Amino acid sequence: DTASIPPERRHCIRALAHDEDVSVFSFVYRAEYAVLRDLEQWSRVAGELVNQAVENNSPLQRQIEANARLIALIQEDAVSTPENFRGVRDMNGNLQAGAIVTDMGDHLYVDYMATAPWNITRDSPLSVRRAATMLMAQIVRESIAQGYGGQIIVDAVGGTADFYRTM
């Protein structure tokens, strides 16, 4: 919910949503009620997608399962440490990527990062491209603003190392 974010912390960034469309993302700096509700939706959809991937022997099965595990971890941490949640919403207000970020005093540590489950399968009208990339870019900007020179450390789990290397 961007209404709860102070104006000086609201930022928008443009990214390709579809090949010819441009989507505007707004950044979320805390897990308020709306974020927790959205993460619950992510969890339900991720569970359904895991079941479908297993039943259909989908080539995306490993990616879908890894993302579902990360969603569960983010959901848990967003409840216990809401101030560590970072996310991006699309121009329709849909939460499209989320992360748990810890300030370590000299750098930001990205504990977990996940994209909305429909962004993995790309078969939903809700899916967008580059949401996680835009979130990571904003986390780097936050590190710069904190005086850390853009330094972040990412815990690359479940086959995500390639994603972070391409950034």
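E32 first. In this predicted model, E32 has a relative accessibility of 28%, so it counts as partly exposed. Its salt-bridge partner is R30, and the closest N and O atoms of the pair are 3.2 Å apart. R30 is partly exposed as well, at 37% relative accessible area. Why pair at all? Side chains of opposite charge can do so when their charged atoms come close.

How many salt bridges does the rule give? The count is five. Let me take two more of them.

Next pair: R89 and D38. Here the closest N and O atoms are 2.7 Å apart. Buried or exposed? R89 is buried, and D38 is buried too.

Now E142 and R86. They form a salt bridge with 2.8 Å between the closest N and O atoms. E142 belongs to helix 4, residues 131-145, while R86 belongs to strand 3, so the link spans 56 residues of sequence. Both of these residues are buried. There is also a network: R37, D38 and R89 are joined by salt bridges that share partners.

Which way do the side chains go? F85, G87 and R89 point one way, and R86 and V88 point the other. As background, side chains in a regular strand alternate between the two faces of the sheet. Go back to the salt bridges with that in mind. R89, on one side of strand 3, pairs with D38. R86, on the other side, pairs with E142.

What does strand 3 pair with? Strand 4, residues 95-103, runs antiparallel to it, and five bridges join the two. G87 stands opposite G98 of strand 4. The hairpin of strands 3 and 4 has five residues between the strands, and G93 there takes a positive phi near 90°.

Over to helix 1, residues 33-56. Do the check on length. At 1.5 Å a residue, its 24 residues should span 34 Å; the end C-alpha atoms are 35 Å apart, so the two agree. Which residues are buried in this helix? A34, V35, D38, L39, W42, A46, L49, V50 and A53. D38 on that list is the salt-bridge partner of R89. Just after the helix, N57 takes a positive phi of about 50°.

Helix 1 also packs against a neighbour in this sense: its axis and that of helix 2, residues 61-80, come within 9 Å. How do they cross? The angle is roughly 155°. The cut-off for roughly antiparallel is over 145 degrees, and therefore helix 1 and helix 2 are roughly antiparallel to each other. Their crossing is left-handed.

One last residue. L70 is in helix 2. With a relative accessible area of 7%, L70 counts as buried. How far is L70 from G98? In sequence, 28 residues; in space, 9.7 Å, C-alpha to C-alpha. That is the G98 of strand 4 that stands opposite G87.

Technical notes:
Residues are numbered from 1 along each chain as its sequence is written. This is a predicted model: local features need pLDDT of at least 70, side-chain atom pairs count only at pLDDT 80 or more; totals for chains, interfaces and linings use all residues. Side-chain values use heavy atoms; hydrogens and water are left out. Helices (H or I, at least four residues) and strands (E, at least two) are DSSP runs, numbered from the N terminus. The expected span of a helix is 1.5 Å times one less than its number of residues. Buried means under 20% relative accessible area, exposed over 50%, partly exposed in between (1.4 Å probe, protein chains only). A salt bridge is a side-chain nitrogen of Lys or Arg within 4 Å of a carboxyl oxygen of Asp or Glu. Two strands pair if DSSP finds at least two bridges between them. Axes are lines fitted to C-alpha atoms, for helices over the stretch in contact, and angles run from 0 to 180 degrees between N-to-C directions. Angles under 35 degrees count as roughly parallel, over 145 as roughly antiparallel, 65 to 115 as roughly perpendicular and the rest as oblique. A crossing is left-handed if the near helix is turned anticlockwise from the far one by less than a right angle, and right-handed if clockwise.
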